[in-house]
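Biologist: I would like to go through this model with you. I will ask what stands behind each label.

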Amino acid sequence: MEWKYFTAEGMRDHLPADTYARRQTEIRLRELFWTWGYAEVETPEIEFADVYLHERFVKQEALYKFSDPQGRLLALRYDNTVPLARLAATSGRNLSLPLRLSYIGTMFRANEPGGARNHQFEQAGVEFMGLSDLAADGEVLALAITTLQEMGLRDFQISLNQTGFYKALVDEFQLDENLAGTLPKIIDGKEFVLLDSILSSANLPSRLTSILETMMETTGSYEVLAAVRPLTENQEALSALADLQGILDYLKAAGLEEYVSIDLGLLKNLSYYTGTIFRGYVPGAGQPLLSGGRYDKLCAAFGRDLPATGFSLDLDLLSLSLKAAGLLPSDARNSEVLVYSPAQRAAALREAARRRENGTQVRLVESSSDPLTHEAEEGVTYVYIAEEKNI
Amino acid sequence: MKSITIALAKGRLADKATELLTQAGYDCRVLQEDSRKLIFTNGDGSLRFIMAKPADVPTYVESGVADVGVAGKDTLLEDNRNLFEVLDLGFGACRLAVCGPIGFDLDDYSRGKLRVATKYPNVSRRYFAAEKHEAVEIIKLNGSIELAPLVGLSDVIVDIVESGRTLKENKLDVLETVAACSARMVVNQASMKLKAEEISTLIRRLRRVLGQDKERGV
């Protein structure tokens, strides 16, 4: 096989219309993040693999790895939150707190399940570091919702949870490590079938069973909190519910509560998230295009104890959903073709420069045949220069 | 009312699923027509069906082109997709098992590296890694898996066992059960949120037909 004809596994080319739409989206995101006070930063595309591997933030097989001339293991950027935690603890030490940071960049992930998934994709996101207050979680979530709104999307839903609720159950009912480790995947995957068989074989108290089932089945707003509160007297669990109430209140104040539903079954990466966790779903994307939450232990792993919360947005999935909604920015605007004969070149070049200054796209065609015989392209304005005195 | 797209595996699984949906009060008459069409919409437009190969159902659902799918647990285990697995539909019951010559001792490691013939390479690799801490040699086959140990292509097989008759007639035996399987209903993660009302109604109605509502208290 001659591989020269192909892009590598999980990689692809972006043609002009696609690239234009992506760059326009980036411009709008950059502007939006700036108006909210999230300063853009850049971290390298190549990091020491230790950045991702030392606390097992990422499975090693998911990293694109190679080594530097000294034999040290390097990795392509897998996400931007981990490098930003490194930045906050090292090069960004003297920036004033709290830190509001944003990024837009390319990520690389190998060995993702599902063959059709891109291995290289673009993400944009924000991190709010140095404040453990609920107002920080509220702000990040409000910005996430505003971001999707700014893109023109309306029909989207954010699922919200507080991981402390499940962790409190594990403590209260003293679930063994094995069960405590497998339950989140089952609850999160809404695997009712498996849950039933585990619940009956593990012989758990019926109160726990009914809480777990409620977590999987109930979504909604304040009424979910009201329904779950009577099921527990555990202080940690109640405080997690109070956090959710606080965030709903924040979003209500922002007029954004309609986009959020509480989902106590949302339990992903529990070793990473330490409080709020959320995922955003949009028609046309199939998978969550937005994910975020609070991760108070990450910065400490790099030597600086900073509470932090943030979100990331998958721009490839965003493109898919914008396309499905007919909202993709189009590059077919102010486009002209200027056809001229060789004798008129100087005049044509002057005219093209004048039009480009006004923001019009001008493509030049030098043609010694009669310019009026030039075949027209649909949706494009044609300008013919026949004689210099006519301009 | 948003329409739900359901991916069905052509054949017995689709027939059983149609029967269940009809009992649950959904109009599925459109599926009775003898047709080679791949996409069907039912009378009131509440359901759209897409007919796929059994092994492809999880792919359609994960990507979101189908909201819901009916697939065998064996397929789901092999594919390991990001899906919600919400219902055991009961039919298509069988088990995934390690089978081999009668009396074969899986725990006798003097045999060297174990050769496993299977249609389920991922399930097999995971099972032996998790249960035996053993890296086995996988031989991917597409059918008549039982043949492999008989002709010496492999030591054992990992395959679906229903009645066990094929095994018996070929002097093979179930050595260990990997997983109990049956048809499952899976749901796309985004659809679960974005079509919450329609999909939870579907789940609730199917549970009632399956008699699973009482024990769950829904």
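This is a predicted model: local features need pLDDT of at least 70, side-chain atom pairs count only at pLDDT 80 or more; totals for chains, interfaces and linings use all residues.

Biologist: What makes helix α3 (residues 81–89) of chain A mostly covered?

Modeller: Nine of its nine residues are buried. Buried means under 20% relative accessible area.

Biologist: Why is A:Val365 called partly exposed?

Modeller: Its relative accessibility is 22%. Buried would need under 20%, and exposed over 50%. The value falls in between, so A:Val365 counts as partly exposed. A:Val365 is part of strand β14 (residues 361–366) of chain A.

Biologist: How many Å separate the C-alpha atoms of A:Val365 and A:Leu194?

Modeller: The separation is 67 Å. Along the chain, A:Val365 and A:Leu194 are 171 residues apart.

Biologist: Now the two chains. How many residues of chain A are in contact with chain B?

Modeller: 26 residues of chain A touch 25 residues of chain B. Contact here requires heavy atoms within 4.5 Å. The chains bury about 2000 Å² between them, and carbon and sulfur atoms give 47% of that. On the chain A side, A:Lys190, A:Val193 and A:Tyr281 lose the most area to chain B, together 26% of what that side buries.

Biologist: What makes A:Glu217 and B:Arg207 a salt bridge?

Modeller: Their side chains meet at 3.4 Å, N to O. The cut-off for an Arg nitrogen and a Glu carboxyl oxygen is within 4 Å. The pair therefore qualifies as a salt bridge. Between chain A and chain B the count is two salt bridges. There are also seven residue pairs in polar contact, both residues at pLDDT 80 or more.

Biologist: Which elements of chain A each supply at least two residues of the side that touches chain B?

Modeller: They are β7 (157–162), α7 (192–202) and α8 (206–217). The largest share, three residues, comes from α7(A). By class, the chain A side divides into nine nonpolar, seven polar and ten charged residues.

Biologist: Let us turn to chain B. Which domains does the domain assignment give?

Modeller: The assignment gives domain 1 (4–92 + 182–216) and domain 2 (94–181). Nine residues from domain 1 of chain B and twelve residues from domain 2 of chain B make the contact. The C-alpha centres of the two domains lie 30 Å apart.

Biologist: What area is buried between domain 1 of chain B and domain 2 of chain B?

Modeller: About 790 Å², with 47% from carbon and sulfur atoms. In domain 1 of chain B, B:Asp74, B:Leu77 and B:Glu78 lose the most area to domain 2 of chain B. Together they account for 68% of what that side buries.

Biologist: How many salt bridges are counted between domain 1 of chain B and domain 2 of chain B?

Modeller: The count is one. B:Arg12 forms a salt bridge with B:Glu162, and their closest N and O atoms are 4.0 Å apart. On the domain 1 side, helix α3 (residues 73–79) of chain B gives the largest share, four residues. That side has one nonpolar, three polar and five charged residues.

How values were computed. Residues are numbered from 1 along each chain as its sequence is written. Chains are lettered from A and ligands numbered from 1 in the order in which they are written. Side-chain values use heavy atoms; hydrogens and water are left out. Domain bounds come from an automatic or database domain assignment. Buried area is the accessible area (1.4 Å probe) that two parts lose on being put together, summed over both. Ala, Val, Leu, Ile, Met, Phe, Trp, Tyr, Cys and Pro count as nonpolar, Asp, Glu, Lys and Arg as charged, and the others, Gly among them, as polar. Buried means under 20% relative accessible area, exposed over 50%, partly exposed in between (1.4 Å probe, protein chains only). A polar contact is a pair of N or O atoms within 3.5 Å; within protein, one must be able to donate a hydrogen and the other to accept it, and residues adjacent in sequence count only if both atoms are side-chain atoms.
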